[in-house]
Each structure stands twice: as C-alpha cells, then as structure tokens.
Amino acid sequence: GESQWLTGLAARSDVQRLRARSCAVVSGVDTVLADNAALNVRASELGLPDADIIACRQPLRVVLDSTLRLHPPARIFAQTGPLFIATLNDEQKKWEAIVDAGAQILRLPSPPSGVARIDLQSLLLWLAQQQCNEVLVEAGPTLAGAFLQAGLVDWITLYMAPSLLGSTAKPLFELPLEKMKDQVRLDIRDMRAVGNDWRIDAVPIRLHR
C-alpha cells in the first residue's frame, strides 16, 4: 500500500522495456491512485540506444475504474499517448472532466455474474479490436488475481527484491486459496539477476476452480 521503491533501477528499466514492447498497458484505479502512476514509456529509464525514438510510440493505456474515482490532475493525464478509462459509470459530468483532460471513456459491461466490476473478457475483446495482441497487466493483487482466476494470463514476469516485508505485506495475487490442492503451479521458463533483484518468467500451469 506504499509506493516507491522495492526493486532497483535495473529492474525498473526492465519494466520500461516491457511497456515499450506492449501494445497496451492495463492497470486498476487503486494502483494508479496509490502510486500516482503514469504507465508510460520513459526514454530516460529505458537504458537503450535510440531510447527517445522508442518512447515516441507509447502503448495504449487502460485504467479500470468502475466508479470513476480517477480524475485530473492525476499524473497519468499529463502524459503523451492514448489513455482510456474503462468504467461502468454513466455520470456525464464525470465523463466530461476526464474527456477534457485528454482521456477517453470506455464503457464496458459487468460480468454475467452481476458483480459490480468490469468484465475482463469484454475488455480483452475490445483490445483485440484495437489490434492489441500483446497486453501488459501491471496491477495490484486484486486485478492481477482477477485476470489469473479468469484464466486470462499467458505469461507472468515477477521481479523479486532482496527484501522481507513481513506478515502484513500485500499479496502478489488476490486468490481465494484455502487448501494446498488449490495452489496455482507455475512453469518457470527463465530466472536471472537484474541488478540486485531477480526476474522470473513463468507460465501458469492451471488454476483449480
């Protein structure tokens, strides 16, 4: 629940490269508000030749905000590149402030279960219609867990800092797992040091329901 920083500069540069190769970056409103996140590609942090040219192509940024809690002058509105706020909210006054700040409203349905949250299948269908074939979900445990539970995660990239956060730290994924048989196993494809941190690339094997 606190921002900046656990991982070091090398890991953060690596994340910038993940953003740069992605068609879209998706996050939740809680993460954006807590971190005052911009979700953009920053040339100064890429650590690559021609970083300025690379950063000219910004990924499409999508913030899931069911009730429209995000509004100007949050930092995310000040960045270049397309920004969509996905919501269930129909309040035109809130829409106007967001549109005036340069973002676009993406009105999506809730899932068939009727839960008051954005339907992730509909979101990914819309992203596919925008020709987005590589989507980076850079989010907190609630949204990350929802994607994983819905079976919508193809690849997981974890950054592990050499820090012990203790028993009150937030989980990586919010998952309602109560028994060992419910665990989500991962097939680790790569593990390497990135500065003083570790990067682990893995594929979810399956999720018990």
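**Exercise 1. Find the polar contacts made by the side chain of Arg199, and state whether Arg199 is buried or exposed.**

Solution. Start with Asp14: its side chain makes a polar contact with the side chain of Arg199 at 2.5 Å. A polar contact is a pair of N or O atoms within 3.5 Å; within protein, one must be able to donate a hydrogen and the other to accept it, and residues adjacent in sequence count only if both atoms are side-chain atoms. Next, the side chain of Asp201 makes a polar contact with that of Arg199 at 2.8 Å. Arg199 lies in strand 8 (residues 197-206). With 8% relative accessibility, Arg199 counts as buried (buried: under 20% relative accessible area, exposed: over 50%, partly exposed in between; 1.4 Å probe, protein chains only).

The model is predicted: local features need pLDDT of at least 70, side-chain atom pairs count only at pLDDT 80 or more, and totals for chains, interfaces and linings use all residues. Residues are numbered from 1 along each chain as its sequence is written, and side-chain values use heavy atoms, with hydrogens and water left out.

**Exercise 2. Give the strand order of the open five-stranded sheet and name its edge strands.**

Solution. The order is 4-3-2-1-5, with parallel pairing. Helices (H or I, at least four residues) and strands (E, at least two) are DSSP runs numbered from the N terminus, and two strands pair if DSSP finds at least two bridges between them. Strand 4 (104-107) and strand 5 (135-137) each have a single partner strand, so they are the edges and one side of each lacks a neighbour in the sheet. Strand 3 (residues 83-87) pairs with strand 4 over four bridges, in the parallel sense. Within strand 4, Arg107 stands opposite Thr87.

**Exercise 3. Which strands does helix 6 touch, and how is the aromatic pair arranged?**

Solution. Helix 6 (residues 120-129) packs on the sheet and touches strand 1 (24-28), strand 2 (60-64), strand 3, strand 4 and strand 5; contact means heavy atoms within 4.5 Å. One aromatic pair is counted. Rings of Phe, Tyr and Trp (its six-membered ring) pair if their centres lie within 6.5 Å; planes under 30 degrees apart count as stacked, over 60 as edge-to-face and the rest as tilted. The ring centres of Phe84 and Trp126 are 4.9 Å apart and their planes stand at 65 degrees, so the pair is edge-to-face. Phe84 belongs to strand 3 and Trp126 to helix 6, 42 residues apart. Both Phe84 and Trp126 are buried.

Definitions and conventions
Axes fitted to C-alpha atoms, helices over the stretch in contact; angles between N-to-C directions.
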